[in-house]
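Subject: Handover of a structure and notes on its fold

Dear colleague,

Please find below the structure that I am handing over to you. My notes on the fold follow it, and I would be grateful if you would read them with the coordinates open.

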Amino acid sequence: MGREAAAQISFQGQTGAGKILLEGAEILCRGAVRVRLPCADILTFAAQGPDLVLTTAQGDLRATMPPGHAALWVAALARPLPDLATKLGVSAQNRAFAATDLHDADLLAAVQDRSAPADQAALALAEILNPADLSGILARIGSLPLWAVTVKGKDSPCPEAHLRPLLRALGYVDTKSCAVSARMTATRWQKRQAKAAPGDAD
């Protein structure tokens with residue numbers, strides 16, 4: 001659903017050049033006009049020629065885009081957002097192993113009736129609040145891909161930026177990320193596959 005465009009943006013009396021982005025469940029404006037607008041706050045949206053017009057309780061946000069872009073944004077905004085279980089890849093067929101206690105309400109709802117022991121799961125989830133917990137988590141999940149769930153923002157006790165070098169040093173690569181809730185975010189990590197040595201193939 002993500003989109004990005006250069007635009008002339010107007011909102012609440014401010015106007016200027018910048019960039020507008022559709023990221024998950026919010027719209028971000030960067031440049032002369034800086035806005036973070038949850039999609040849930042948009043009352044209506046429409047394309048008026050080259051302009052994307054978003055009606056909110058705080059007023060209209062108008063973004064003048066290159067030709068044809070506004071209609072594409074309207075189509076993207078009209079598509080329903082995937083739920084958290086879909087974003088995580090959790091389903092009745094692809095069950096999740098909780099490698100830690102889960103406390104986030106949205107995360108608990110996403111895995112409800114879709115959890116399994118590690119040896120029967122397709123992926124693992126862990127709320128990581130302390131980097132020291134990482135080694136125990138990795139020991140519990142074996143070869144399962146891991147969604148590392150951390151608290152957003154500068155006050156996080158274990159920012160994703162702190163976990164990244166630790167996991168990469170252990171041979172993991174990050175493959176995607178998604179918002180979990182207003183408080184939590186998640187990054188998916190997979191053990192890097194070892195390259196076959198010359199002559200290993202038949």
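A residue counts as exposed when its relative accessible area is over 50%, and as buried when that area is under 20%. The model is a predicted one. With these cut-offs, Gln12 has a relative accessible area of 53% and is therefore exposed. Gln12 belongs to the loop that links strand S1 (3-11) to S2. Its phi is near 50°, a positive value in a residue other than glycine. Most residues other than glycine have a negative phi.

Asp113 also deserves a mention here. Its phi is near 65°, again positive in a residue that is not glycine. Asp113 is found in the loop between helix H3 (105-111) and S9. With a relative accessible area of 65%, Asp113 is exposed, because the cut-off is 50%.

Overall architecture

The protein contains 5 helices and 12 strands. Its C-alpha trace spans about 60 × 45 × 35 Å along the principal axes. Of its 202 residues, 39% count as buried.

The seven-stranded sheet

An open sheet is formed by 7 strands in the order S4-S3-S2-S1-S7-S6-S5, with antiparallel pairing. Which strands stand at its edges? They are S4 and strand S5 (42-48); each has a single partner strand, so one side of each is left without a neighbour in the sheet. On average, neighbouring strands of this sheet are turned by 30° against each other, direction ignored.

Within this sheet, S1 and strand S7 (residues 59-64) run antiparallel and are joined by 3 bridges. Ile9 stands opposite Ala63 in S7. Helix H1 (residues 69-78) lies across S1, S2, S3, S5 and strand S6 (51-56), and runs at about 150° to S5.

The five-stranded sheet

A further open sheet consists of 5 strands in the order S8-S9-S10-S12-S11, and its pairing is mixed. Its edge strands are strand S8 (96-98) and strand S11 (172-179), each of which pairs on one side only. The twist from one strand to the next averages 25°.

Two helices pack on this sheet. Helix H4 (residues 134-141) touches S8, strand S9 (123-127), strand S10 (146-151) and S11, and its direction makes about 150° with that of S10. Helix H5 (residues 160-169) touches S10, S11 and S12, with its direction at about 5° to that of S12.

The pairing can be followed strand by strand. S9 and S10 pair in the parallel sense over 4 bridges, and the bridge partner of Glu127 in S10 is Val149. Together, S9, H4 and S10 make a right-handed β-α-β unit. S10 and S12 run antiparallel and are joined by 6 bridges, with Trp147 opposite Arg188 in S12. S11 and strand S12 (residues 184-191) are antiparallel as well, over 7 bridges, and Cys178 has Ala186 in S12 as its bridge partner.

How many residues of S10 are buried? The count is 6 of its 6 residues, and the strand is described as mostly covered. In a regular strand the side chains alternate between the two faces of the sheet. In S10, Leu146, Ala148 and Thr150 point one way, whereas Trp147, Val149 and Val151 point the other way, and all are buried.

The largest pocket

The largest pocket holds about 700 Å³ of space. It is lined by 25 residues, and the closest to its centre are Glu23, Gly24, Ala25, Lys87 and Ala179. The elements that give two or more residues to this lining are strand S2 (14-23), strand S3 (26-31), strand S4 (35-38), helix H2 (84-88) and S11. Which element gives the largest share of the lining? That share, 3 residues, comes from S11.

With kind regards

Terms used: Residues are numbered from 1 along each chain as its sequence is written. This is a predicted model: local features need pLDDT of at least 70, side-chain atom pairs count only at pLDDT 80 or more; totals for chains, interfaces and linings use all residues. Side-chain values use heavy atoms; hydrogens and water are left out. Two strands pair if DSSP finds at least two bridges between them. Axes are lines fitted to C-alpha atoms, for helices over the stretch in contact, and angles run from 0 to 180 degrees between N-to-C directions. Contact means heavy atoms within 4.5 Å. Buried means under 20% relative accessible area, exposed over 50%, partly exposed in between (1.4 Å probe, protein chains only). A crossover is right-handed if, with the strands pointing away from the viewer, the path from the first strand over the helix to the second runs clockwise. On a 1 Å grid over the protein atoms alone, a cavity is a set of points where a 1.4 Å probe fits but cannot get out, and a pocket is an open set with protein on both sides within 12 Å along at least five of seven lines; lining residues have an atom within 4 Å of a point. Grid points are joined across faces, edges and corners, and a volume is the space filled by probe spheres set on the points.
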